[in-house]
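I opened this notebook to keep track of what I looked up, entry by entry. The entries go from the terms to the strands, then to the cores and the rings.

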Amino acid sequence: MSSEEGNPAAVAAPVQDVHGDDRWMAQHTRFVQECKDKEPEVLFVGDSMVQLLQQYEVWKELFSPLHALNFGIGGDTTCNLLWRLQNGELENIRPKVVVVWVGTNNHEHTAEQVAGGILAIAQLLTSRLPQAKIVVLGLLPRGERPNPLREKNSAVNAVLRAALPRIGSAQFLDMDGLGFVHSDGTISTRDMFDFLHLTAAGYQAVAKPLGDLLLQLLEETPEDRRASLV
């Protein structure tokens, strides 16, 4: 299932305020205000994988100098991110590149549905920000040992790898090959402290290929971009 109608992972929805502190909506409101106050060249959107990136030195070293904004909220699904993007988090800004990292929290959805939700986000970004390049990061393996969620994330990545090239300004950045899964199938706490979220070393591994790609995209001229789409 792609991002077409009927895919529950492509239906925009805010997070329900089950804790009663309105925390999620307050973060969204802050992001909308940042759109009015700042002029980012790079926009990061997604879940806790994006949110926590800002807490590590690698953010200051590689991404802050690129005039980057971080719109990550822990626990977000594709549905929650779609809602945020449709409700103010893309207004008043014109980033050159948008980095998308979301999908590992879509526990109620199949791999095809999750991929369809991510494709819906990429299509929305392309529509709202036609001059921007979209970089979708592959979902990481999770769990100390092989498990069904790892298999699901791998299946999501396979769909994205095949489908994203059909969205002209979007591309997939594979996270396979970064060495998170060892030869015996395990993941180390050196890379993921809870076998899901990255440590400083884990973010360093991700940041190298991502940082190189962002620099390349930011240096492209409009003529380069048009030529790449021909």
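Predicted model: local features only at pLDDT ≥ 70, side-chain atom pairs only at ≥ 80, totals over all residues.

Residues are numbered from 1 along each chain as its sequence is written, and side-chain values use heavy atoms, with hydrogens and water left out.

**Strands.** I took helices (H or I, at least four residues) and strands (E, at least two) as DSSP runs, numbered from the N terminus. I looked up strand β4 (residues 133-137) and found 5 of its 5 residues buried, so the strand is largely enclosed by the rest of the structure. On one side I listed Lys-133, Val-135 and Leu-137, and on the other Ile-134 and Val-136.

Two strands pair if DSSP finds at least two bridges between them. Strand β3 (residues 97-101) pairs with β4 in the parallel sense over 4 bridges, and Val-98 has Ile-134 as its bridge partner in β4. Strand β5 (residues 170-173) also runs parallel to β4, joined by 4 bridges, and there Leu-137 stands opposite Leu-173.

**Cores.** A nonpolar core is a set of buried Ala, Val, Leu, Ile, Met, Phe, Trp, Tyr and Cys residues joined through side-chain atoms within 4.5 Å. The largest one has 40 residues, and among those with the most contacts inside it I noted Val-98, Leu-125 and Ile-134. Helix α5 (residues 111-128) gives the largest share of this core, 10 residues. A second, separate core of 31 residues includes Trp-59, Ala-68, Val-99 and Leu-173.

**Rings.** Rings of Phe, Tyr and Trp (its six-membered ring) pair if their centres lie within 6.5 Å; planes under 30 degrees apart count as stacked, over 60 as edge-to-face and the rest as tilted. I found 6 aromatic pairs in the structure. Phe-44 and Trp-59 form an edge-to-face pair, 5.1 Å centre to centre with 65 degrees between the planes. This pair links distant parts of the chain, since Phe-44 is in strand β1 (residues 42-46) and Trp-59 in helix α3 (residues 57-63), 15 residues apart. Phe-44 is buried too, with a relative accessible area of 1%.

Note on methods
Buried < 20%, exposed > 50% of the residue type's maximum accessible area, 1.4 Å probe, protein only.
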